[in-house]
Amino acid sequence: MNRRRFLRGAGGAAIALPFFNTFGAGEARAAAGAPKRFFAFMVDHSESPDMLPTGPGPGLDLRNTYFDGLQEYADRSLIVSNLYSIGGHGSGVAGALTGKPTGLVDNMATGGPSLDVMFGDRWTDEDTKLRHLQIATASSRNPGLHGISYNDAGDRLVPDFDPRTIFEKIYGPIGDSTDGADPAVARRMRLRTSILDSTIEEYRLLNATLSVADRRRLQEHLSTLRDQERRIQAAEAFSCEAPSPPDPCCAWSEDRQHHLARYMTPDHVALASRALVCGATRSAVVRTGMSTSAMDWLAIPESMHNISHGDTGSSNGGVPLEFAYEWHASARRWQVEQFKVVVDALANAPEPGGEGTMLDNTICMWIAEMGIEAVHHHRRDHMAALVVGGAGGALRTNQHFDAEGRHFDDFLLSLVHAGGCTDVTSFGDSGENPISEILSV
Amino acid sequence: MRAHSWLIFSLLLACEGVVGDPGSTGSRTVPPIPDEIIDPEAPDDVGASDFRRLSPTELRNSLELITGLTLASGDSIPAENAAHGYDRVSAGYAVSGDQVDAFEALADEIADQWIESGIRGAASCVDVPPGGPAEAEACAREVAELHAELALRREVRAADLDALVGKYRRAEVHEDGLRWLAHGLFRHPEFIYVIEGRGSTPGAGTELGDYDIATRLSLALCERTPDAELLAAVRDGSLENEAGVAQQAERLFDTCSGPTIENFFGQWLELEDTLTASPSDRSEMPEFTDDFIFGMDEEWRAYLNHVVYVANGSFQEFLSADYTVASDKLAAVYDFAELSEEPQRVDLPATRRGILNQPAFLARFHRGDETHPIQRGVFLLKALTCFDIPMEEMVSFPPNTPGLSNRDRWDEHTRTPQCVRCHGVINPAGFLFEDFDSMGRHRTMDGDFEVDASGGLSTIDADSLNGGASASEALAGSEDVAQCFARQWFRFGMARVEERADASSVRRITDRLVEGASLREVLIELTSTYSFRHRRASAMPAPDTGEEP
């Protein structure tokens, strides 16, 4: 008996099924042309003018930018520049996907949800193992500090950093050779799922006795238990063959001076692309960066921080501008290569049950903490973003659009609409008006 | 002093304008305004709190206390995300899938050990399963009765026991029944979450019941849920009066608080990072050996233990004692004293005083073989004077300009008007410790330059100081620092950030500090404050999940 039938037979479906109706997934999927996947790739510090093609307008040409590695996708890409927002590093981390950037303590946003969580919740169906997947360059001490995703209640989600943990989320436990035909294993499996159902019921019942304000914490735990149930349930429908698992993490992370991104990010993008292509999730976020040390493997003798500050006199790192731009572009090109791993994977995967490729129905977003500046002063008043992927036809790609100071949150709201969530009328602190020039819906 | 606090806060606002609206007191913004906190006229009131998860330490300690087992999977509970620096303050972070998996693994390990080796105190389980169904159920009921009150931390009703036995009955075999029981007890929301002041109206402070007080007491002082003696005190009504609460607080402090107090100080002063203070390039600092690292970690712990539990010393003594407790692993730093293999009390010269003149603080912040006065200063201002520097303002490093001392290079590096707004406060604080090198050795020369350790702590009105020892003494004598420490202990002990409403409770702890009470008395004082005895439910609405509860 398979897991789902077992659950129904055991009365578990009564608990499990309402969950799938909670997020309006049916309506979202029904919207014509709606994309089916979201990927956000967040990079550190500010952008430089080398991010942009020579001028705004249709016919995107990425060849003279540090996105030149993505030129083959230019017709399916969109750059939006000159977006306005507030704050610096902390706000960049807090506001990139939420539009609620005024967090201070631990760079925390003032609320949620983030774009990836909203999309994940809406698009997930019962065969999706993970509602959304958050990955960041981090270490075991306070990985939550590096999170950029938030749930509806405004709680920050803790990203994964250990490639093996992420691998297990996608493919199941490493070294687990349990054979479903073995009666003892089958009994243990039944027991585990029954206990889980019972635990869920306990949280639900207790929640019902609490005041509305006090439900918050337990509600969040309840959702996570249901995610656990979802992982077990969806495992059956999940048919991707697992590659060999990544090496155990992370002896190198003990050295605080080491550039973690060098080792983590390639694993992270590989896992994110597999998770998306295999349908383990429809929404994934990878954050890279977090270093103040030189990027020796790229022959760059300065940290991204100092480069990004550029030549602001002897008081601020003092990287001569001609080197600053060159090194900044080299570092970004390495990051673009990582981003491209996901884009390539989606472009090479046919859309299951549909036409074209997965990339045609995906929003792949590149975003930095801060905006474009000759030398950065921790500002976000000239933000720019790149989107690759057709978004199911909802975005007007193959253009560089100058937003002329429109709010960054309007851009996020535009993506929300491109994602088929047209019932959402505002997003973040200031997103009220979608940018019609980049939307075709 | 009050006007002064405002000045500092305004300065903070000027740091790029990133500090939130001072009127906003949500948990996501900078801690409340010091002015309001020290207001001696503030009425008794209590700040808002959500239910919280047990921290990884609390979870493990509690399970081991309740079951009497040693749990290997206690090592792999994911670290809690420490908001405001304390892992007991988890507000703002959603529970992660990894945490939920760990809760399951812990219950599984308890069940495995029960099945393998029997259950402590459950006599009727000894002969099961051979005894048959009736005996098996008697065993299940005994296990439920034995553990339910300890796990749920409230009065156990017949329905609770029936529910647990009902779980046992759902199993196909006895072993699975025990597994059901372990999961029913230790994945239960009332075990994993501190659910208190049930049924209270949001926005209004509610006096807590005795079970809730017992739980707060035990978690704050020993990071574990109440033991059998504390629960007996709840049942016999002795927690209903202040004397009864005080008696239990003293018992807990004297019998199980050691690791918790170490954990608090370790997180407050980030002393827990001492073991990872290794320089990136050991060849630059050949004396920075593993032994030295163990030595400085050992020193702060032994010193703290001595001040609190042996000398019954005060907060002032902790900050400015004329002795330390060190072993010969620190011979490179303490070359003025005879040291032995085990840490022992040694007198210090006049150039060195208290915890902040120990290597655990001084050697943690370095850059190669040079001191890092900015990190020293930022940390000190934040931890001891509650002056938070926004993370937006991450510093870069000065160029290696020849002909300038380390101090002068940093000064030059932070001279622009934009930098000076914050560095005008940070640098003078950090420079005070320039008479200690990157390993914490006292020095009078920095390479070819004579050491200049003049500076000041403008956040506590001590503008003209010279050297690390003078900094320690100034901090020890400051009421502002006492108040900041009261706030730090409040955060750890209450597992949340203080709000304006908690002013009278913070004031009460501050008063004990200022009068020079022992740290034991000061730390216990928290348990008699108004905030400790009350709860106000957060007014934040629950998420709309579209689901009927």
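1. In this predicted model, the S-S torsion of A:Cys240 and A:Cys278 is about -110 degrees, so the disulfide is left-handed. The sulfur atoms lie 1.9 Å apart. The bond links distant parts of chain A, 38 residues apart. A:Cys240 sits in the loop between α8 and α9, and A:Cys278 in the loop between α9 and β5. A:Cys240 has 26% relative accessibility, so it counts as partly exposed.

2. Over all chains there are four disulfides. One of them joins B:Cys125 to B:Cys139, with 2.0 Å between the sulfurs. Its torsion is about 95 degrees, so this disulfide is right-handed. B:Cys125 is in the loop between α4 and α5, while B:Cys139 is in helix α5 of chain B. B:Cys125 counts as buried at 11% relative accessibility, and B:Cys139 counts as buried at 0%.

3. B:Cys386 and B:Cys484 are also bonded, S to S 2.1 Å. The torsion is about 90 degrees, so the disulfide is right-handed. The two residues are 98 residues apart, with B:Cys484 in helix α20 of chain B. B:Cys386 and B:Cys484 are buried.

4. A:Cys364 is in no disulfide; the nearest cysteine sulfur, in A:Cys278, is 16 Å away. A:Cys364 counts as buried, at 0% relative accessibility. The sulfur of B:Cys419 is 9.0 Å from that of B:Cys422, the closest cysteine sulfur, and so too far for a bond.

5. On helix packing: α9(B) and α10(B) meet at an angle of about 155 degrees, axes 9 Å apart. They are therefore roughly antiparallel. Their crossing is right-handed. Contact residues include B:Tyr211 and B:Leu217 of α9(B) and B:Leu230 and B:Val234 of α10(B). The contact residues comprise six nonpolar, one polar and two charged.

Definitions and conventions. Residues are numbered from 1 along each chain as its sequence is written. Chains are lettered from A and ligands numbered from 1 in the order in which they are written. This is a predicted model: local features need pLDDT of at least 70, side-chain atom pairs count only at pLDDT 80 or more; totals for chains, interfaces and linings use all residues. Side-chain values use heavy atoms; hydrogens and water are left out. Axes are lines fitted to C-alpha atoms, for helices over the stretch in contact, and angles run from 0 to 180 degrees between N-to-C directions. Helices (H or I, at least four residues) and strands (E, at least two) are DSSP runs, numbered from the N terminus. Angles under 35 degrees count as roughly parallel, over 145 as roughly antiparallel, 65 to 115 as roughly perpendicular and the rest as oblique. A crossing is left-handed if the near helix is turned anticlockwise from the far one by less than a right angle, and right-handed if clockwise. Contact means heavy atoms within 4.5 Å. Ala, Val, Leu, Ile, Met, Phe, Trp, Tyr, Cys and Pro count as nonpolar, Asp, Glu, Lys and Arg as charged, and the others, Gly among them, as polar. A disulfide is a pair of cysteine sulfur atoms within 2.5 Å. Buried means under 20% relative accessible area, exposed over 50%, partly exposed in between (1.4 Å probe, protein chains only).
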